[in-house]
Structures are given as C-alpha cells and as structure tokens.
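User: Please take a close look at one part of this model and describe its geometry and its surroundings. One connected answer will do.

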Amino acid sequence: MANDAPVERMKRKDYEKELEKAGKGGTIKALTEKVSPRVFRVCALPAPSDRQKSQLFLQRYIEQFPAGGEIVIFDRSWYNRAGVEYVMGFCSPTEHKRFLELCPLVEKFAVDAGIVLIKLWLEVGMEEQELRFKARIEDPLRQWKLSPMDTESFGRWYDYSRARDMMFEATDTKHAPWRLIRSDDKRRARLNVISHILRTIPYKEVKREKVKLPPRSHKGRYNDQASLRGLKFVEERY
C-alpha cells in the first residue's frame with residue numbers, strides 16, 4: 001500500500017544523472033536498453049495455447065529459463081496464477097492452492113541447479129494507481145496501455161491485495177525470497193531495481209580493447225551523392 005507519508009518525487013535531472021549508468025524508460029526497458037540482447041532476453045508469454053493449457057502450469061515458463069551466461073527477465077511470470085488468474089477467476093481455487101504449494105519446490109530446483117532467481121514486486125499505492133489509470137484514459141497516446149482487463153481489475157483492489165498477501169506467505173522463501181520496491185515514484189523505483197540487481201548478481205568489469213576504425217579505401221571512388229539526384233526524399237519539415 002502507499003507510504004504513511006508522501007515521498008518527494010525524484011527530480012528528472014537527478015534521475016537522468018543516475019540512470020546514465022544503466023538506461024532509460026520503464027523498469028524493464030531501463031534494465032535492457034544498454035545491454036546485449038544476446039545476453040539479456042525479455043520473456044512476455046501470451047495467453048496459453050490449447051496444447052499449453054494441457055501441460056503442467058509451470059512447464060512453458062521452465063522452457064524459457066536461462067542457460068549459462070544468459071539473463072531472462074519475465075514480464076508477467078508464473079505468478080500470474082497467484083494474482084490476476086486467481087482474482088479474475090481464470091483458474092479454480094484448487095489450481096490456485098496447488099500452485100502456491102508447488103511453486104516453492106520448483107523454484108528450489110531452479111536455484112539448486114545454479115540459477116540466480118530474483119523476485120521483485122513493485123508496490124504501488126491506491127491513489128497513485130488511480131492517477132496513472134486516469135492519465136492513460138486522458139492521453140490518446142497512452143490509451144493503448146489500458147486494456148479491458150486493467151479497467152475490470154481496477155475495482156478489485158482489495159481482492160488483489162489479499163491475493164498478494166497469500167502469495168507472499170506461501171512463496172517468500174529462504175532460497176527464493178521476494179524483494180519489494182516502492183514504486184509510486186517510478187524514477188526512484190527503476191534506480192532501486194537496477195541497484196538491487198547489480199548488488200545481487202556477482203559480476204566483474206570486462207576489459208575490452210579499444211576499437212579503431214580502419215582507413216577508408218578510395219579505390220573505385222566516385223560522387224556517390226550525385227547518383228541520388230532525382231530520387232524522392234521525405235520532405236524535411238524539421
């Protein structure tokens with residue numbers, strides 16, 4: 001829920017200064033914008049197919065787990081079952097209960113296999129959530145971010161809060177603990193997420209040789225701009 005006292009918003013100048021070390025944008029974008037896509041992969045699975053519905057619930061997520069030297073960021077993870085699926089009735093109470101029982105065991109297998117599992121929960125207050133929803137409704141450039149599921153979920157704040165509490169009670173384990181981030185101030189939240197991940201994953205700075213551009217060859221030199229004359233360029237309005 002929201003803090004007892006409001007926190008002063010972080011100034012953009014201070015935010016940009018700190019974020020230069022990691023990237024910009026939303027939390028996931030901030031994590032991935034300035035790193036190699038060959039190492040970092042964002043996994044946002046769509047609704048399951050009929051075949052996947054017949055599989056073990058966690059099976060299609062396990063298929064996306066990283067190999068050595070890879071980092072996978074789950075945008076919507078298996079914890080959908082503990083949240084939106086349970087609250088909106090997309091799974092039965094029995095399936096929800098079974099998930100909460102099995103999830104810590106599956107995560108223990110993953111951690112024992114050498115995977116560094118980081119579970120982050122971005123906690124936003126009721127008032128801030130309403131402000132964000134209204135901002136999306138009023139801004140035609142951001143209305144696409146507001147799905148029918150979002151609007152339907154809006155009125156179920158306390159149902160989601162109770163589901164969150166059950167999730168934490170069952171899955172906040174020693175081998176795979178949850179870490180919560182206050183996210184009413186998006187800028188502070190992004191920086192705190194990045195800082196936490198950097199402190200959690202052991203790493204060392206990689207030394208790279210300085211790249212030097214070779215001299216351009218003038219063999220076959222010609223006026224390569226003259227050949228563009230007569231072709232249609234986009235009108236330069238800016």
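**Helix α6 and its surroundings**

Gly114 comes after α6 and has a positive phi, near 105°. The model is predicted: local features need pLDDT of at least 70 and side-chain atom pairs count only at pLDDT 80 or more, while totals for chains, interfaces and linings use all residues. Residues are numbered from 1 along each chain as its sequence is written, and side-chain values use heavy atoms, with hydrogens and water left out.

Helices (H or I, at least four residues) and strands (E, at least two) are DSSP runs, numbered from the N terminus. Helix α6 covers residues 93-112, which is 20 residues. At Leu102 the helix bends by about 30°, with Pro104 following within four residues. The bend is the angle between axes fitted to the seven residues ending at a position and the seven starting there.

Seven positions of α6 need a term first: buried means under 20% relative accessible area, exposed over 50%, and partly exposed in between (1.4 Å probe, protein chains only). The buried residues of α6 are His96, Phe99, Leu100, Cys103, Pro104, Glu107 and Ala110. An α-helix has 3.6 residues a turn, so residues three or four places apart point the same way. The buried residues of α6 pack against α5, β3 and α9 (157-171), where contact means heavy atoms within 4.5 Å.

On the β3 side, Lys119 belongs to the strand at residues 119-123. Lys119 is itself buried, at 5% relative accessible area. Its side chain makes a polar contact of 2.9 Å with the side chain of Glu107. Such a contact is a pair of N or O atoms within 3.5 Å; within protein, one must be able to donate a hydrogen and the other to accept it, and residues adjacent in sequence count only if both atoms are side-chain atoms. Leaving aside residues up to four places away in sequence, Lys119 touches Tyr79, Glu107, Thr171, Ala176, Pro177, Trp178 and Arg179.

Cys43 is in none, and its nearest cysteine sulfur, in Cys103, is 15 Å away. The sulfur of Cys91 also has Cys103 as its closest partner, but at 13 Å that is too far for a bond. Cys43 is buried at 4% relative accessible area, and Cys91 at 8%.

Methods. A disulfide is a pair of cysteine sulfur atoms within 2.5 Å. The expected span of a helix is 1.5 Å times one less than its number of residues.
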